[in-house]
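Q: Can you take me through this one? I'd like the backbone details as well as the chain contacts.

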Amino acid sequence: MLGISATTVVHSAGHGTAALWDAVAQNRTGLRRNDLAWCDLACWVGPVPAVDETTLPVGLRRWDCRSHRLAWLALEDATFRRAASTAIERHGAHRIGLVLGTSTSGIRSTEIAYAKRRETGQWPPDFDYRRSHAVEAVCRFSAEVLGVKGPMVTISTACSSSAKAFMTAQRWMDAGLIDAAIVGGVDSLCLSTLHGFDSLQLLSGDICRPFDAERNGISIGEAAGFVLLDRAPAVVSFVGGGESSDAWHMSAPHPEGQGAQDAMRAALAAAKLTASDIGYVNAHGTGTPANDRAEAAALRAVYGEHGVPVSSTKGVTGHTLGAAGIVEAIVTVQALEQQALPPSANLRTHEPTLALDLVVRPRTIRLRHAMSNNFGFGGSNCTLIFSRPD
Amino acid sequence: MNSLCFDLHAASVLAPGVASLSDLREACRRGKPFETTAPLVLPSPAALPANERRRASQVVRLTLACIEQVLQASPFPVDSLRSVFATDEGTGEICQQMLEVLATTRQVSPLLFPNSVLNAPSGYFSIAWHNRQSATLASLGLESFASGLLCAVTEAATTRQPVLLVSYDPAMTEPMDELLPVTQHTATAWILSAGRAIQDVPVLGSFALELEAQDSALPSSLPSWLPPPWVEHSSARALAALGLLEASPGAVFRLALGGQLLSIRRLDGVET
């Protein structure tokens with residue numbers, strides 16, 4: 001059991017954990033019709049407010065790229081920084097691990113630089129691959145900002161990346177390598193994912209409507225989020241997680257969500273809980289017909305006739321890909337702190353065959369244990385469980 | 001910290017000039033770099049279903065061929081293996097192909113995009129061998145092997161399950177190789193366990209992992225028997241670490257990892 005000592009997040013609906021909870025609890029979306037100057041796809045997007053105008057402090061400017069601006073906006077949070085500094089003072093900087101997830105890192109910088117390289121035959125002189133696009137960059141940048149010196153790694157398993165960060169951090173703590181960990185994830189809007197998902201016909205022309213009968217794809221958002229995990233008691237704790245692989249297809253889920261079932265069951269076993277103990281599931285709920293159908297099948301298999309309240313908050317934040325795990329972990333932690341459930345955003349028409357107990361409007365509830373699901377390309381699945389002791 | 005001990009049960013190697021662990025050990029014993037001019041021909045991954053085989057990129061072919069080799073010596077059923085894939089850039093030619101399309105037509109192929117995720121090799125591994133265990137992709141630049149090894153050993157120690165660790169670098173194509181000068185494919189796959197939970201299985205060697213302060217020592221240099229250009233390959237550190245199999249008990253190989261050093265110490269002289 002690892003206490004959630006502090007959280008920070010930036011997302012399309014605002015900056016900060018309170019803004020995230022306010023948006024998801026009120027079903028106030030941060031998504032808008034695509035008006036990005038550099039992408040003309042007819043879709044909806046979730047850019048983080050003020051990211052384009054953000055400048056990194058002079059000492060960090062060599063790290064400048066869209067994903068590090070997102071990370072910086074999140075790491076500016078004074079409460080989180082104080083908690084991180086306290087952990088460093090208590091344990092020592094070398095005893096704080098750093099485990100972050102991303103799917104595309106700072107690839108937006110390389111997209112821009114590559115286009116210039118084609119035109120001029122030269123890479124732009126200010127382009128620094130290692131400090132922007134390289135998968136390691138988000139870890140190195142965050143370590144420099146936070147002053148942590150423990151073991152670090154970037155996890156890149158597509159949309160489960162920052163959920164799996166919790167699992168790696170827990171193993172490092174269990175092995176006695178570290179006393180606390182900062183876990184998180186960052187992914188920015190970029191051409192690679194916008195056009196990539198469009199190529200698979202998974203990008204909705206409408207705002208995404210997870211679990212809706214008329215859902216037809218995802219809306220991509222961007223985000224950065226961090227959580228400080230410590231052994232010290234906290235209001236909400238991370239009590240266990242489960243991981244699995246579909247072994248089915250690179251970009252399509254197993255129809256019955258077999259891998260998702262495995263991850264949920266492994267998480268329940270790790271947390272020493274049964275399905276009936278769980279009071280809420282923040283679903284992966286991307287809004288594609290196949291993903292939501294498979295996850296619904298997996299939820300029915302794990303939770304049975306008893307069911308469980310379920311919602312997807314991607315209609316508010318968009319699908320933040322490698323950052324989805326951390327964003328939705330923070331939503332789930334907030335649900336436990338606030339003793340309330342966020343509704344499934346943008347839901348208009350139920351699809352009865354999904355047979356889910358969907359949260360359709362904000363609901364207060366006595367909540368002790370809650371689950372967050374994240375599944376990704378490559379059939380990578382991760383489920384996290386958070387608890388609020390009596 | 002207390003040392004984390006692990007047993008290495010099997011290892012494979014695939015790179016220009018070295019087609020197996022025995023080739024690598026022979027080079028280590030000779031102490032001279034091997035010839036790397038012959039191009040590495042990567043087989044079509046027979047373990048994949050035909051419809052997936054045609055999508056397999058060079059890095060998928062590289063990693064699956066390396067895994068196929070290590071599985072032949074693995075004492076564990078493949079479906080029992082958790083996996084950690086450790087790489088620096090990790091997609092090779094796919095990265096350049098995506099960037100080229102995005103800079104021109106923006107008509108991304110639906111076959112290209114799923115291959116552009118870093119965990120494509122782990123996804124194809126799970127499909128090829130019907131492995132439904134956890135698969136993780138760890139990356140930290142030239143320290144990717146160090147971070148992956150730490151992930152793999154802690155995963156083996158805390159889950160008491162054997163772990164497949166694959167450390168690899170696909171060759172970068174022009175002009176991406178100007179940014180990341182990796183011009184040859186290199187890969188190694190290890191099967192390891194930790195916690196002495198798994199008895200009565202063959203062991204190539206036993207090792208202790210330890211995190212040390214960065215000012216306590218320097219990271220080990222790449223040995224002279226590895227081709228010097230591979231200093232830019234994260235997986236060359238894994239190939240160098242396999243040289244410990246030819247070393248005496250007590251020998252240490254040190255890897256940079258974040259703000260610290262990760263030392264791998266040979267514990268015994270077990271040989272199979």
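**Sheet, interface and backbone**

A: Arg32(A) stands opposite Val45(A), which lies in β4(A). The model is predicted: local features need pLDDT of at least 70, side-chain atom pairs count only at pLDDT 80 or more, and totals for chains, interfaces and linings use all residues. Residues are numbered from 1 along each chain as its sequence is written, chains are lettered from A and ligands numbered from 1 in the order written, and side-chain values use heavy atoms, without hydrogens and water.

Q: In which sense do β3(A) and β4(A) pair?
A: Antiparallel, over two bridges, with β4 covering residues 44–46. Strands are DSSP runs of E, at least two residues, and helices are runs of H or I, at least four, numbered from the N terminus. Two strands pair if DSSP finds at least two bridges between them.

Q: What is the strand order in that open sheet?
A: The order is β3-β4-β8 in chain A, with mixed pairing. β3 (32–33) and β8 (220–221) are at the edges with a single partner strand each, so one side of each has no neighbour in the sheet.

Q: Now the interface. How many residues of each chain are in contact?
A: 59 residues of chain A contact 59 residues of chain B, where contact means heavy atoms within 4.5 Å.

Q: And how much area do chains A and B bury?
A: About 4900 Å², 62% of it on carbon and sulfur atoms. Buried area is the accessible area (1.4 Å probe) that the two parts lose on being put together, summed over both.

Q: How many salt bridges cross between chain A and chain B?
A: The rule finds seven, taking a side-chain nitrogen of Lys or Arg within 4 Å of a carboxyl oxygen of Asp or Glu. Arg118(A) and Glu100(B) form a salt bridge at 2.9 Å, N to O.

Q: Which element gives the largest share of chain A's side?
A: α7(A), with seven residues. 

Q: Which strand of chain B does β6(A) join?
A: β3 of chain B (residues 135–139), antiparallel, by two bridges. Ile155(A) is opposite Ala138(B) there.

Q: Switching to the backbone, which peptide bond is cis?
A: The one from Glu174(B) to Pro175(B), with omega near -5 degrees. Pro175(B) sits in the loop between β4 (163–169) and β5 (186–194) of chain B.

Q: What is phi at Gln201(A)?
A: Near 55 degrees, a positive value in a residue other than glycine. Gln201(A) is in the loop between α7 and β8 of chain A.

Q: Is Gln201(A) buried or exposed?
A: Exposed, at 72% relative accessibility; buried means under 20%, exposed over 50%, and partly exposed in between (1.4 Å probe, protein chains only).
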